[in-house]
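Work through the exercises below with the structure open. Each task is followed by a solution in steps.

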Amino acid sequence: MNGYNFAYLDEQTKRMIRRALLKAVAIPGHQIPFGSREMPLPYGWGTGGIQVTAAVLGPDDVLKVIDQGADDTTNAVSIRRFFARTAGVATKTHTSVATIIQTRHRIPEQALTEGQILVYQVPMPDPLAKLEPSRAETTRMHGLAEYGLMHVKLYEDITRFGHVSISYDYPVMVNDRYLMSPSPIPAYDNPKLSRNPALQLFGAGREKRIYAIPPHTEVRSLDFDDHPFRTTRAPHACDLCGDDASYLDEVVTDNQGGRMFVCSDTDHCASRQALKEAAE
Amino acid sequence: MSDPTLLSARGLNLRFGAVPALVDVDADLWPGEVLAIVGESGSGKTTLLNVLSGRMAPQSGVVWYREPAGGLVDVHAMPAPALRALHRSDWGFVHQNPRDSLRMGVSAGGNVGERLMAQGSRHYGSIRESAIAWLSEVEIDASRVDDLPRTFSGGMLQRLQIARTLVTHPRLVFMDEPTGGLDVSVQARLLDLIRGLVARLGIAAVLVTHDLAVARLLAHRVMVMQQGCVVESGLTDQVLDDPQHPYTQLLVSSVLAA
Ligand SMILES: Nc1ncnc2c1ncn2[C@@H]1O[C@H](COP(=O)(O)OP(=O)(O)OP(=O)(O)O)[C@@H](O)[C@H]1O
Ligand SMILES: [Mg+2]
């Protein structure tokens, strides 16, 4: 596309973002401010993730974009198309062949490997922001690793509901030091954050923050000794591929209240279906 | 009194523009002792409390705190993380308005448990047990443990703040007019409670009050402040029964007259 630099952003901006990314990788889980640019997409459409992707993308990369686990939602399609046009990179839906995966709401079911980069779109980077209105104070709390308040929130949940009621964006401790928002992925995905061989980068466009989990870093979901962190999923198998361990979406199929459960990860589901067909 | 002090201040000075809030103030507090700072409004009591507790820096002077291991630390030279850690564990601060310290959107149990969680307690059941035990210490019914503080009366809020502060068994508690703003009958009950807890737990306290009756009931020693200066200090009974300084005499007589 004429008139645009490779991957849309100018080189100076990309350098600035890369500097923030390097800092973020050096201090796992710590939020690094960056000069978030206006993007040709509104906030909430993943402008933070797009800027991070633009900064790490090279001409030989293979890009996959998922939204709620699906490759075919409007958001995923338009981001994929954006980079196909502005960077001319190959785009694929297969998790295993992608070198960069930009995501909203999910971590792919298929285990990631060394060399892959997972870029998360983040709306609210600071888990403490919901509990403490002053940014100066939350910055201080992160600086001194004072996270008792986050546990007060969990205490209140257990007191009120008998369990921690956070099912998305479940707060984690990275490398035993920084409290981090994993972005609105289901708590089901949290275990995959930990010791992942892939590099995980997080970009919050509106809040102008970048943070990272370097490969193989320990990530722990907050909990109490007597109320350990547990993942939950709908107690069903996928109606399309039969997987009884994947994360499922409940889909309304007709006006008579018909429902089915299907894998939220469309690539995972399609691959399993193809395997099944090949076997038959 | 040659035993080592828990907290000592020497030569504290602090001016707000033309206002001398602290003038060459010395202070000593021994372990397990309650020291009252008395004086009329604007005499510098709150300022002194804030400077002693490291919340506000003096323009000159030093505050020493003796750590449990016996070493002395200069409160105003401590790195911020260490001072905050001290405030979370060894020390406690009771504000005149409990709303300044309590989390009004968090249950009574969560409020009491916060300092435990901040210190690393990660067992829900035992945190809750401590919270319930501390509520009963401050005469709040255990059945209120899950209620929000906004459903509590003023006296209950102040007792909740005290439970929240004492749950980590601090060695030293700073209190700024803890009974101010409460009805007289509620005040009396709260004073009894504080006196009992402080004595039983052997907590040292610096208590700011403009009410000599409060000082008489709770404090072993008093310091009388006037325009930022300590004009008289000594054992509570001595100072209040036989005041030497004209300003103290005036204070004592105005109480009698009232
Ligand atoms: N932050 C500040 N800025 C300017 N002046 C201040 C400040 N804090 C206190 N002062 C002044 O310093 C003097 C001492 O105030 P302080 O609050 O210590 O008095 P106090 O004895 O606690 O009074 P009260 O009984 O009314 O609470 C007063 O003249 C007050 O107006
Ligand atoms: Mg005051």
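**Exercise 1. Domains of chain A**

State which domains make up chain A and how far apart their C-alpha centres lie.

Solution. This is a predicted model. Chain A splits into domain 1, residues 11-221, and domain 2, residues 233-280. Next, take the C-alpha centres of domain 1 and domain 2 of chain A: they lie 26 Å apart.

**Exercise 2. The interface between the domains**

Describe the contact between domain 1 and domain 2 of chain A: residues, area and polar pairs.

Solution. Start with the contacts. Domain 1 of chain A brings 15 residues, and domain 2 of chain A brings 11. Now the area. About 940 Å² is buried between domain 1 and domain 2 of chain A, and carbon and sulfur atoms give 43% of this area.

The side of domain 1 of chain A that touches domain 2 of chain A holds five nonpolar, six polar and four charged residues. Between domain 1 and domain 2 of chain A, the salt-bridge count is zero. Polar contacts are found: nine residue pairs across the interface of domain 1 and domain 2 of chain A, both residues at pLDDT 80 or more.

**Exercise 3. The interface between the chains**

Describe how chain A meets chain B, from contacts to salt bridges.

Solution. Count first. In chain A, 19 residues are in contact with 21 residues of chain B. The area buried between chain A and chain B is about 1,700 Å². Carbon and sulfur atoms give 60% of that area.

Now the pairs. There are three salt bridges across the interface of chain A and chain B. One of the salt bridges joins Glu137(A) to Arg84(B), with the closest N and O atoms 3.1 Å apart. Polar contact links 10 residue pairs across the interface of chain A and chain B, both residues at pLDDT 80 or more.

Which helices of chain A each supply at least two residues to the side that touches chain B? Helix 4 (135-143) and helix 5 (148-161) of chain A do. Helix 5 of chain A gives the largest share, eight residues. By class, the side of chain A that touches chain B has seven nonpolar, four polar and eight charged residues.

**Exercise 4. Fold content and overall size**

Solution. Take chain A. The C-alpha atoms of chain A fill a box of roughly 55 × 50 × 35 Å along the principal axes.

Turn to chain B. Along the principal axes, the C-alpha atoms of chain B fill a box of roughly 55 × 45 × 35 Å.

Definitions and conventions:
Residues numbered from 1 in each chain as written. Chains lettered and ligands numbered in written order. Predicted model: local features only at pLDDT ≥ 70, side-chain atom pairs only at ≥ 80, totals over all residues. Heavy atoms only, no water. Domains from an automatic or database assignment. Contact = heavy atoms within 4.5 Å. Buried area = accessible area lost by both parts, 1.4 Å probe. Salt bridge = Lys/Arg side-chain N within 4 Å of Asp/Glu carboxyl O. Polar contact = N/O pair within 3.5 Å; in protein donor to acceptor, adjacent residues only side chain to side chain. Nonpolar A, V, L, I, M, F, W, Y, C, P; charged D, E, K, R; others polar. Helix = DSSP H or I, 4+ residues; strand = E, 2+ residues; numbered from the N terminus.
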